[in-house]
Amino acid sequence: MVSLNYTLKNSEGELIDSTEGKEPLVYLHGVGGMIPGLETGLEGQEAGANFKVIVSPNDGFGARNEDLIHIVPKSGFQGDEEMQIGMQVQLQTEQGMTIATITEIEGEDVTLDMNHPLSGVELHFDVNILELRSATDEEIAHGHVHGPGGHHH
Ligand code: ZN
């Protein structure tokens, strides 16, 4: 069980996400619940450690896939919310619900990008490990952390 604080930036140094002012991130090491590149970077670290991990897109949220960009007619959208570039919409696909970002609106054509917003982005993590402990058998069986910051109690 790992509990950590992190700050995530892109390669331009722009802030993407941070646990600052929030609860620390808790996760179970080795069950695949974490971005692979970050999990590898945490290997062998100890409580109290401060370090940086740089994760390439392939070990993060994947490379961008041009096949996941679609142009659809505006009329296919329901709801009265004004569509704007950068807006995220939920879509029903054959693989289930997915989130797409509107990247272009031209006349009746709306360009939807179903890539993860962080796909193709090199992830720069600043990590501070707060706590490490062995997972309980129950946590291992469930594949997630119990107790403070974890799932059900
Ligand atoms: Zn559980």
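What share of the contacts in the protein chain with a separation of 6 or more comes from residues 24 or more positions apart? The share is 58%. The legends below refer to a predicted model.

**View 1. Overall fold of the protein chain, with 2 helices and 9 strands.** Read from the N terminus, the elements follow the order β-β-β-α-β-β-β-β-β-β-α. The radius of gyration is 19 Å, well over the 15 Å that the globule rule gives for 153 residues, so the chain is more spread out than a compact globule. Along the principal axes, the C-alpha atoms fill a box of roughly 55 × 35 × 30 Å. Of the 153 residues, 32% count as buried.

**View 2. The open sheet of 4 strands, in the order β5-β8-β7-β6.** Pairing in this sheet is antiparallel. Strands β5 (69-73) and β6 (88-93) stand at the edges with a single partner strand each, so one side of each is left without a neighbour in the sheet. On average, and with direction ignored, neighbouring strands of the sheet are turned by 45° against each other. As background, strands of a sheet pair through backbone hydrogen bonds, either parallel or antiparallel.

**View 3. The hairpin of β6 and β7, with 2 residues between the strands.** The two strands run antiparallel and are joined by 6 bridges. T93 stands opposite G96 in β7. β6 is also one of the edge strands of the sheet and has a single partner strand.

**View 4. The hairpin of β7 and β8, with 2 residues between the strands.** In this hairpin G107 takes a positive phi near 60°. Strand β7 covers residues 96-106 and strand β8 residues 109-113; the two run antiparallel, with 5 bridges between them. E104 has T111 in β8 as its bridge partner.

**View 5. The largest nonpolar core, made up of 19 residues.** The members that touch the most others are L38, L42, L123, F125 and V127. At least two residues of the core are supplied by each of β1 (2-9), α1 (36-42), β4 (50-55) and β9 (123-132). When residues up to four places away in sequence are not counted, L38 touches V53, V55, F125 and V127.

**View 6. A second, separate core of 9 residues.** Among its members are M83, M87, L91 and L112.

**View 7. The aromatic pair of Y6 and F125.** A search of the whole structure finds 1 aromatic pair. The rings of Y6 and F125 are edge-to-face, at 5.8 Å centre to centre and with 65° between the planes. This pair links distant parts of the chain, with Y6 in strand β1 and F125 in strand β9, 119 residues apart. Both Y6 and F125 are buried.

Notes
Residues are numbered from 1 along each chain as its sequence is written. This is a predicted model: local features need pLDDT of at least 70, side-chain atom pairs count only at pLDDT 80 or more; totals for chains, interfaces and linings use all residues. Side-chain values use heavy atoms; hydrogens and water are left out. Two strands pair if DSSP finds at least two bridges between them. Axes are lines fitted to C-alpha atoms, for helices over the stretch in contact, and angles run from 0 to 180 degrees between N-to-C directions. A nonpolar core is a set of buried Ala, Val, Leu, Ile, Met, Phe, Trp, Tyr and Cys residues joined through side-chain atoms within 4.5 Å. Buried means under 20% relative accessible area, exposed over 50%, partly exposed in between (1.4 Å probe, protein chains only). Contact means heavy atoms within 4.5 Å. Rings of Phe, Tyr and Trp (its six-membered ring) pair if their centres lie within 6.5 Å; planes under 30 degrees apart count as stacked, over 60 as edge-to-face and the rest as tilted. The radius of gyration is taken over C-alpha atoms; the globule rule is 2.2 Å times the number of residues to the power 0.38.
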